[in-house]
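Take a look at the protein below. This short report walks through a few of its parts, then steps back to the whole chain.

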Amino acid sequence: MLKGMRVLGFTHFVQGPAASQYLADLGADVIKVEPLTGAFERGYAADSVFVDGFSATFFSVNRNKRSISVDLKSPRGREVIFSLIKTADVIIENYRGGVLDRLGFGYDAVKAVKPDIIYASATGWGSSGAMASAPGQDLLVQARCGLIAVTGNLDAAPTVTGVPVVDQHGAALLAMAVSAAYAKKLATGEGTRIESNLLSAGLDLQCESMAAYYSGGRGPDRIARDHRLASWFLPAPYGVFQLADCHAVISLGGDIEKFAGAIGVPRLIELASDRMENRDAFMRVLGDELKSWTYERLDKALAPHGLWYERVQDYDAVRRDPQVIHNESFQEFAIGDQKGTVVAHPVRYDGKVPEFRRMPRGLGADTRDVLADAGWSSGDIDALVREGVVGTGPAASPAKA
């Protein structure tokens, strides 16, 4: 779908690489530009998982890309990069603010060479303001943007999401912005300066919650609630319940009298007169009742009424889930004699998941091909390699020490 788009990705960690992976999945030619030592996520792996030398973090966000490694600080390295910029539609970067400017690849310098460039920068807090130069990372943003405070009770048990959700949402927003700018470029021939940040992504995740809180003149006392209630602004029974054999979630999705009748607790009917005002009492009564129930009993009671509920699954159950399998939500690929497993691109197009065209590449594995595409002769490339300006690494990353 994005065949014909060429992207230079100066990215590391998760937000930037994941954003460019979305574009690569959709057919863009994404060239991952790395220093000679490699991007950060090559040497760091979630839970220290390396598969035949590849970091799980790296291969989760770098499929369908080509890799080139360059000494970005050398004059010849800058010459190499500008030769690539002239062939690119997009630059996407998530270095600390000012880093690419100091290296000579800031927006103004690039636009002077490529006036129609789409230049997309992702930061932690924004490109200006008091926080612009501060370290910006998912957990820090979750704390500052209020997400932790509303996920649990701030006074009792502030709760962090189990995965870096702001990073991933920020990546999706950045990919969306680049796609929109590319449509503009195809229509008008004009480039775009794009700036995204994790703080805005974290706020965007809470758009409904914040609209209710600020527009309704609410205070912190409104957010405090029974620990089973998943969201402060939705009425009971919207939350997680301990059953005798598992945890389950319930979201009413139907008539409250049918629900109370199915559960068999008359007190719930009384409390249902105002399920927002009585939300904590409703959750306590229901929670106490369900402690002795099995999931099978809950299923038999609620299913005939079309009410909404679901078992809480762990990762092992998710992997076996028939709907997950049907949706082709995971992809496996060979890494040496082993296998890597990743979450597939999350959207279907004309009924199909985008093709897995190439596994994540070793550092500099595509340097020669990329430079040849940009017009460098084989002799010039050999000279760059001898001079240590570019790296042409093996197909696999070096193993973790």
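## Helix α9

In this predicted model, helix α9 covers residues 165–188. That makes 24 residues. From its first C-alpha to its last, α9 reaches 35 Å, close to the 34 Å expected at 1.5 Å a residue.

Which residues of α9 are buried? They are Val-166, Asp-167, His-169, Gly-170, Ala-171, Leu-174, Ala-175, Val-178, Ala-181, Tyr-182 and Lys-185. An α-helix has 3.6 residues a turn, so residues three or four places apart point the same way. Look at the numbering of the buried set with that in mind: it includes Ala-171, Leu-174, Val-178, Ala-181 and Lys-185.

## Strand β5

Now turn to strand β5, residues 65–70. Here 6 of 6 residues are buried. Both faces of β5 are covered. Lys-65, Ser-67 and Ser-69 lie on one side. Arg-66, Ile-68 and Val-70 lie on the other.

Which strands does β5 bridge to? One is β2, residues 29–34, which runs parallel to β5 and is joined to it by 5 bridges. Within this pairing, Val-30 has Lys-65 of β5 as its bridge partner. Another is β14, residues 390–391, which runs antiparallel to β5 and is joined to it by 2 bridges. There, Ser-69 stands opposite Gly-391 of β14.

## Gln-331 in strand β12

Gln-331 sits in strand β12, which spans residues 330–335. Is Gln-331 buried or exposed? Its relative accessibility is 15%, so Gln-331 counts as buried. The cut-off for buried is under 20%.

What does Gln-331 touch, leaving aside neighbours within four places in sequence? Its contacts are Arg-63, Gly-340, Thr-341, Val-342, Ala-344, Val-353, Pro-354 and Phe-356.

## The whole protein

The protein has 401 residues, and 46% of them count as buried. It holds 20 helices and 14 strands. Along its principal axes, the C-alpha trace spans about 85 × 50 × 45 Å.

Take the contacts between residues at least 6 apart in sequence. Of these, 69% join residues at least 24 apart. The accessible surface comes to about 19600 Å², and 54% of that belongs to carbon and sulfur atoms. As for charge, there are 43 positive and 48 negative side chains. The centres of the two sets lie 3 Å apart.

Technical notes: Residues numbered from 1 in each chain as written. Predicted model: local features only at pLDDT ≥ 70, side-chain atom pairs only at ≥ 80, totals over all residues. Heavy atoms only, no water. Helix = DSSP H or I, 4+ residues; strand = E, 2+ residues; numbered from the N terminus. Expected span 1.5 Å × (residues − 1). Buried < 20%, exposed > 50% of the residue type's maximum accessible area, 1.4 Å probe, protein only. Pairing = 2+ DSSP bridges. Contact = heavy atoms within 4.5 Å. Areas by Shrake-Rupley, 256 points an atom, 1.4 Å probe, with all protein chains shown as cover. Lys, Arg positive; Asp, Glu negative; His and termini not counted. Charge placed at Lys NZ, Arg CZ, Asp CG, Glu CD.
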